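Here are a few friendly notes to read with the structure open beside you. Take the points one at a time and look up each residue as you go.

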Amino acid sequence: MFLSGWGLYLSFKKYSILEFYKRRFARILPLYMIICLIFIMAINGNIMDYLSCVSTFGFWMGGIWYDWYIPAILLFYLLYPLIGKSTDKFGILPFIISITVCVGLISYTQISTDCQFGDIRMFVLSRFPIFVLGAYWGYLQFEKKQREKMCLCFAISGVVCFAFFYWFLAHTHFLLFSGVRQLLHILYAPGMCFLFSAMLEAVNKYTNIVNRILYFCGVMSLELYLIHVKFFGQMPFFNTDYRIFYGFTILVVTFLLAYPTHILLGKLNKVIS
């Protein structure tokens, strides 16, 4: 979400709001409509189930839904002009407000339910602050603000907070969809991104093969995610003895399906445009 917010800011500044929306939704909706259709057919659903799923209303209203990411990112896209303009005007203040509101809501739900509350929508809410932080980082890049010292501080804190994060999870009992676990990612995720980026930059001085592989995966990341998400969701229920083989097979099949899907959708988008 941090990288999504960052990249979207640069796109937001480059295009008009109408063009921004057109590009974002043209990238997601054609593929999502096909994936949801296959999913609904697989569970013997009807047309209303399909509309509930593809519109994401099913996710927000407790109906049938395919995944959490697309409903979340579509909502964040809709809000992005407000996020981008407020970041332009107030800098880091939108992030401070978003983190304050999310921490308050999540803390209230956990305290009032004795840490027994878990809801997939709270899971999404907890991802919003890091998305807004990404927008702020995009703003710093666009305005050519000095970021080197901040990157170093984030990277160092990322390593420390990463260790704290896993210690915290091992000694607490919050539910997966409580929002607490996801909210804590903000402590280390930006720093780990910068650290990983520095490592790739160092490796790229000797060979660009890693960057080429990551670019290949990155351009069809949406297809890879939407195709594999349901398959990997079955991993906990699969025979432990064959889980590694099962996981490797899923990766291979996912790439074999994702690549032609990406090519076909790319041609479709050109026709639509």
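1. Let's begin inside the fold: Tyr 9 and Tyr 139 are both buried. Please keep in mind that this is a predicted model. For Tyr 9, the relative accessibility is 0%, so this residue counts as buried, the cut-off being under 20%.

2. How do the rings of Tyr 9 and Tyr 139 pair? Their centres are 6.3 Å apart and their planes stand at 85°, so the pair is edge-to-face. Because Tyr 9 belongs to helix H1 (residues 2-14) and Tyr 139 to helix H8 (residues 128-142), the pair ties together parts that are 130 residues apart in sequence.

3. Tyr 9 also forms an aromatic pair with Phe 142, and this one is edge-to-face, with 6.1 Å from centre to centre and 75° between the planes. Here again distant parts of the chain are linked, since Tyr 9 is in helix H1 and Phe 142 in helix H8, 133 residues apart. Is Phe 142 buried or partly exposed? Its relative accessibility is 37%, so Phe 142 counts as partly exposed.

4. Now step back to the whole structure, where a search finds 20 aromatic pairs. One aromatic cluster is formed by Phe 12, Phe 20, Tyr 21, Phe 25, Phe 76, Tyr 77, Tyr 80, Phe 128 and Phe 131.

5. Finally, have a look at Ser 126, in the loop between helix H7 (120-125) and H8. Which residues does Ser 126 contact, leaving aside neighbours within four places in sequence? They are Ile 106, Gly 179, Gln 182 and Leu 183.

Notes: Residues are numbered from 1 along each chain as its sequence is written. This is a predicted model: local features need pLDDT of at least 70, side-chain atom pairs count only at pLDDT 80 or more; totals for chains, interfaces and linings use all residues. Side-chain values use heavy atoms; hydrogens and water are left out. Rings of Phe, Tyr and Trp (its six-membered ring) pair if their centres lie within 6.5 Å; planes under 30 degrees apart count as stacked, over 60 as edge-to-face and the rest as tilted. Helices (H or I, at least four residues) and strands (E, at least two) are DSSP runs, numbered from the N terminus. Buried means under 20% relative accessible area, exposed over 50%, partly exposed in between (1.4 Å probe, protein chains only). Contact means heavy atoms within 4.5 Å.
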